Amino acid sequence: MNENIENNIPEEEPPLKVLTPKEKKERDDAFEKEFLHLINPLYNFAYRLTLDEDDANDLVQDSYLKAYRFFDSFERGTNAKAWLFRILKNSFINEYRRKAKEPGKVDYQDVESYYNSDDIDEPITSDLRVDAMRDMIGDEVANALNALAVDFRTVIILCDLEGFTYEEMSKILNIPIGTVRSRLHRARMLLKEKLRTYASKMGYNDTLEGEFE
Amino acid sequence: MASILPNFITAFFNKDKKSLVDTPEGYRRCLEVINLILDGEADDEQKSYFEQKIKCCQKSMKHYEVEKCVKEVIQEKIDKKPVPPELLDKIKSVINTI
């Protein structure tokens, strides 16, 4: 499943070959068989990135069109899901994220530089109670996830919701595996902080016995 | 002792000893290994560290339970957004026209 995700996604769109109707039908059938069954996880990923149904719709459609144009560079039988997710992530970065960036919004690079700095004296955070988390409703968990900066949110979605391996995530996100690990670690720390706030509102104030603050 | 006694007995005998997670470095290492275990990404050395150290440390095991629960809660409580019914047809029809 890990092989060749980057699979030659060229920088520029290749010109489409002129095909006979029979060739076109064969190509379309192969494309549908390989990719269209992935629309559910792809749409979910798009929605969790954009947090907007219309934007998710557009993003999925654009990604499928791009995948169709680049289909000849995809090696059949390899990791179609990761390939498609990588295209969607690139489209999101290139188009939607730029469009959606609000003035004054925290820049992720700043956040990541801060969290990846060796100088940071990482606090040993008090942890959540398991029963508090089990009592949370889906909206609270989703809100906590949605409140994370998009790059932190992305690694949690890819790892915990979609079950990608670190190696696949590294290729989808075009970052080294070490960065996948550290980003995931930071993302989970931040998510736990958000969940802890909800837990506290629910009246679960106890932390792990003997924990540091 | 750690290898033959159940965890709770080991934890009782170790209760006055310093916990694995009582230092920032120990805490960081512990969480790192726990996450690798839960994500199915740990190598043999990390699995062995988990079996020999983390499982015998009460506080580390509590961290393991919390991390495991966070992962499960994300998987179980976040709804899948249903795909709009017309989207698939729209994609097919656009592809057809290319």
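Predicted model: local features only at pLDDT ≥ 70, side-chain atom pairs only at ≥ 80, totals over all residues.
Figure 1. The side of chain A that touches chain B takes at least two residues from each of α1 (21–35), α2 (39–50), α3 (53–69), α6 (130–135), α7 (138–146), α8 (150–161) and α10 (177–201). Five salt bridges are found between the two chains. Lys192(A) and Glu67(B) meet through their side chains in a salt bridge, at 2.3 Å from N to O. A network of salt bridges links Asp160(A), Arg188(A), Asp39(B) and Lys71(B).

**Figure 2. Extent of the contact between chain A and chain B.** On chain A, 55 residues are in contact with 44 residues of chain B. The two chains bury about 4,500 Å² between them, and 63% of this area is on carbon and sulfur atoms.

**Figure 3. The largest nonpolar core.** This core has 71 residues, of which Phe31(A), Phe35(A), Val60(A), Tyr64(A) and Leu191(A) touch the most other members. Helix α4 (residues 80–100) of chain A gives the most to the core, with nine residues. Domain 1 (21–100) and domain 2 (108–201) of chain A each provide at least three residues. Apart from this core lies another, of 13 residues, including Met189(A), Tyr27(B), Leu31(B) and Tyr64(B). In soluble globular proteins, nonpolar side chains tend to be buried together.

**Figure 4. Surroundings of Phe31(A).** With residues up to four places away in sequence left out, Phe31(A) touches Leu36(A), Tyr64(A), Ala67(A), Tyr68(A) and Phe71(A) of chain A, and Ile95(B) of chain B.

**Figure 5. Salt bridge between Arg27(A) and Asp72(A).** The two side chains meet at 3.5 Å, N to O. Arg27(A) lies in helix α1 and Asp72(A) in the loop between α3 and α4 of chain A, so the pair ties together parts that are 45 residues apart in sequence. Arg27(A) is buried, at 9% relative accessible area, whereas Asp72(A) is partly exposed, at 47%. A search of the whole structure finds 17 salt bridges over all chains.

**Figure 6. Salt bridge between Glu162(A) and Lys81(A).** The closest N and O atoms of this pair are 3.0 Å apart. Glu162(A) is in the loop between α8 and α9 of chain A and Lys81(A) is in helix α4 of chain A, so this pair links distant parts of the chain, 81 residues apart. Glu162(A) counts as buried because its relative accessibility of 14% is under 20%.

**Figure 7. Positive phi at Leu51(A) and Asn174(A).** Leu51(A) is not a glycine, yet has a positive phi of about 60 degrees. Leu51(A) is found in the loop between α2 and α3 of chain A and is partly exposed, at 34% relative accessibility. Asn174(A), also not a glycine, has a positive phi of about 60 degrees. Asn174(A) is found in the loop between α9 (166–173) and α10 of chain A and is exposed, at 58% relative accessibility.

Conventions. Residues numbered from 1 in each chain as written. Chains lettered and ligands numbered in written order. Heavy atoms only, no water. Core = buried A, V, L, I, M, F, W, Y, C linked by side-chain atoms within 4.5 Å. Buried < 20%, exposed > 50% of the residue type's maximum accessible area, 1.4 Å probe, protein only. Helix = DSSP H or I, 4+ residues; strand = E, 2+ residues; numbered from the N terminus. Domains from an automatic or database assignment. Contact = heavy atoms within 4.5 Å. Buried area = accessible area lost by both parts, 1.4 Å probe. Salt bridge = Lys/Arg side-chain N within 4 Å of Asp/Glu carboxyl O.
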